[in-house]
Amino acid sequence: MTASSILTTLAHGSAPFLSTFLVIHLSAPIAANIGGSRLASSIMLLGREYYQTTFGERYLLLLPFAIHVTSSIAKRVVLTLASNSSSPSSGPSTSDSDTTAQSEKPFTPKSRARFRKLTSLLSISAYAALFLFVPIHVATHRLLPAEADALVWSSSGANLDALGSSELDFEFVKTAIKTWPWRNWILYTGLVGSVLVHAAEGASIIYMRYIRGRVALPSQPSPRGSDRGLTRGNRRTIVIAGVAALLVLTGLWVVSREPTFAPSSVVRRCQVTMMGTWVYRM
């Protein structure tokens, strides 16, 4: 096996773990379309039994995420180096005898270094989520709530305790949207959109590779046909991701239209937590 195939296997093998987390995590805001923030909070707290236990967070979420990210980036580096080193100008010349000998061998599809452009849906959605939306979301919804007591600004003379797991429910989301509406709608829309587009495009690739068995591509595909196929694939990905994102965002909209049920002290701690990042201090 080549380094590229090993990295591909690692990236594809870790994807089901991330997809499972995604389904569990996004089922909460989707449920808000039916039962509002109370049902969404109940489902979210139940889902944390999968991805926020000591074992689940380390080995069912963070480890697959690290494998997926590092193997995907490493594969791009490996294929880029392989593509540069195997350019036609750097290769040795082929004699007539070598050409004749090669023509007598049975034809087998030649494997070559193939990787998706940085402008592809898969790459754009991956890098947007990885370097912008996911870090902000993890910081504000996972890391900073435990440090609320250390994030008190000089304008507040009270000593605020850290947010407990039971308090970090959809009242937190509701407070964030009500306090900074346009910022949170941009962040939630970007996060949900980029993650779901990447998931839908990745699921399509894995389906075509392992389930339908279409590993080998035609040696010389028609450019026009290839463009049509790519357009159909992009359109299918956008439709699937768009429907799922719409369900998530409408659930968040339902939550944002509700009155605040949390005590004022919890609301203040939520606001201080969000202000721990540069996004909410601008």
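The chain contains eight helices and zero strands, where helices (H or I, at least four residues) and strands (E, at least two) are DSSP runs numbered from the N terminus. Along the sequence, the pattern reads α-α-α-α-α-α-α-α. The model is predicted: local features need pLDDT of at least 70, side-chain atom pairs count only at pLDDT 80 or more, and totals for chains, interfaces and linings use all residues. Residues are numbered from 1 along each chain as its sequence is written, and side-chain values use heavy atoms, with hydrogens and water left out.

Of the 282 residues in the chain, 35% are buried; buried means under 20% relative accessible area, exposed over 50%, and partly exposed in between (1.4 Å probe, protein chains only). The chain exposes about 17100 Å², of which carbon and sulfur atoms supply 64%; accessible areas come from the Shrake-Rupley method with a 1.4 Å probe, and for residues only the protein chains shown count as cover. Among contacts (heavy atoms within 4.5 Å) with a separation of 6 or more, 82% are between residues 24 or more positions apart.

In soluble globular proteins, nonpolar side chains tend to be buried together. A nonpolar core is a set of buried Ala, Val, Leu, Ile, Met, Phe, Trp, Tyr and Cys residues joined through side-chain atoms within 4.5 Å. The largest such core here has 16 residues, and Leu-163, Phe-172, Leu-187, Met-274 and Tyr-280 have the most contacts inside it. Two or more residues of this core come from each of helix H4 (121–143), helix H5 (170–179), helix H6 (181–211) and helix H8 (264–274). H8 gives the largest share, four residues. Leaving aside neighbours within four places in sequence, Met-274 touches Thr-140, Phe-172, Ala-176, Trp-180, Asn-184 and Tyr-280. A second, separate core of 15 residues includes Met-44, Leu-61, Ile-177 and Tyr-188.

Polar side chains also link parts of the chain. Glu-57 is located in helix H2 (residues 54–85). Its side chain forms a polar contact of 2.9 Å with that of Arg-142; a polar contact is a pair of N or O atoms within 3.5 Å, and within protein one must be able to donate a hydrogen and the other to accept it, while residues adjacent in sequence count only if both atoms are side-chain atoms. Beyond residues up to four places away in sequence, Glu-57 touches Tyr-51, Gln-52, Leu-62 and Arg-142.
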